[in-house]
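Visitor: Could you take me through this structure feature by feature, giving the general idea before each case?

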Amino acid sequence: MAIIGKDIEQAIEVLKAGEVIGLPTETVYGLAGNAYNSESITKIFTVKNRPTFDPLIVHTSSIERACEFVKEIPEQAQLLAKHFMPGPLTLLLPKKEVISDLVTSGLETVAVRIPSHPLALDLLKKLDFPLAAPSANPFGYISPTSAQHVDNQLGDKIKYILDGGECKVGIESSIIGFFDGEIVVLRKGGLAIEEIEAVVGKVRIEEHSSSNPKAPGMLKSHYAPRTRLLITCNLLLVEEDTSKIGYLGFEKFSPNIPLENQLLLSPSGDLSEAAQKLFANMRLLDARGFDKIYTELLPEKGLGRAINDRIKRATTQE
Ligand code: TXA
Ligand code: MG
């Protein structure tokens, strides 16, 4: 198993040796390696069992430092960076040569993120290279929101997990690209569309597959638990034996399923709290060995939009 600790110096040592670590961020935990080192990048893909056509996000400590590996930053991107970085936002920007095609899967843009988690920021400030990091889950499974989640699934493949506690945002960053002057949201995430639009005006939302940015929907499911997850509405009458059915609700329990089989995202109806608990609660229910888990969609506003996106992707498509 990996060592789990809060020792930044130890994390730096492991990273400098070309190894990968578990990295806490405010969104989800990352699997991080030196973005300038091809061996580290290869390790990330191997440990995660991720196809190399799926590019990685590069993490740095400030927009000024991003200029080391980014050719230019459009005005709209600068505006967004000023408002929301550090934070749960990733910007697609033209890359310099120093970022290899391995990182971007051959794309001309690199995904840039400045996490706001204090441990991550502190680490990034002390390093003289940026960190490439996808979410620290095996490809296709739910993203991790605690050091323990990372250890459970990847602990035997990595040396060190920097423990930053539970992630505060709980869902991945919002990804924004700039195409011919148009601002496009490629992944709904921890920064609500409404907040983005308040700064740069109307944006286009393009459904995007995490498994392949160029061919959406190639994989049937993503961010998925092992147990079948099905979307229902809260009052659904379940006719089958309910002892083997789990329920992940938003504010209210389902009247038709045993209470001990149920978890709520936010009894007070708070969308931020729901986002924060989403993946951890999915994992808890997934570990219970149910035949299937029912869940419901949340209001399609604020973070509810990104949460619904993750729920739909986690749902078994038949
Ligand atoms: O919150 C987050 O963004 C977390 C934390 C660890 O920072 N990271 C994360 O990384 O979610 P990952 O690899 O699980 O998701 C990154 C997404 C993928 O869907 C990938 O296809 C997309 O970003 N991506 C990366 N570079 C891209 C690029 N140049 N153009 C389009 N999509 C890109
Ligand atoms: Mg991911």
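Guide: Let us begin with packing, for which contact means heavy atoms within 4.5 Å, and for which helices (H or I, at least four residues) and strands (E, at least two) are DSSP runs, numbered from the N terminus. This is a predicted model, in which local features need pLDDT of at least 70 and side-chain atom pairs count only at pLDDT 80 or more, while totals for chains, interfaces and linings use all residues. Residues are numbered from 1 along each chain as its sequence is written, chains are lettered from A and ligands numbered from 1 in the order in which they are written, and side-chain values use heavy atoms, with hydrogens and water left out.

Visitor: Which residues of helix α2 are buried, and what do they pack against?

Guide: An α-helix has 3.6 residues a turn, so residues three or four places apart point the same way. Buried means under 20% relative accessible area, exposed over 50%, and partly exposed in between, with a 1.4 Å probe and protein chains only. In α2 (residues 38-48), the buried residues are S40, I41, I44, F45, V47 and K48, and they pack against β3 (30-34), α5 (101-104), β7 (131-132) and α7 (147-154).

Visitor: How many residues surround ligand 1, and how do they divide into nonpolar, polar and charged?

Guide: A residue is near a molecule if one of its heavy atoms lies within 4 Å of it. Ligand 1 is surrounded by 24 residues, the closest being T27, D54, H59, R113 and S173; the shell divides into 11 nonpolar, eight polar and five charged residues. Its largest share, three residues, comes from β6. Taken alone, ligand 1 exposes 680 Å², and the protein buries 98% of that.

Visitor: How many disulfides are there, and are C67 and C167 buried or partly exposed?

Guide: A disulfide is a covalent bond between the sulfur atoms of two cysteines. Counting a pair of cysteine sulfur atoms within 2.5 Å as a disulfide, the total is zero. C67 counts as partly exposed because its relative accessibility is 36%, and C167 counts as buried because its value is 2%.

Key
Areas by Shrake-Rupley, 256 points an atom, 1.4 Å probe, with all protein chains shown as cover. Nonpolar A, V, L, I, M, F, W, Y, C, P; charged D, E, K, R; others polar.
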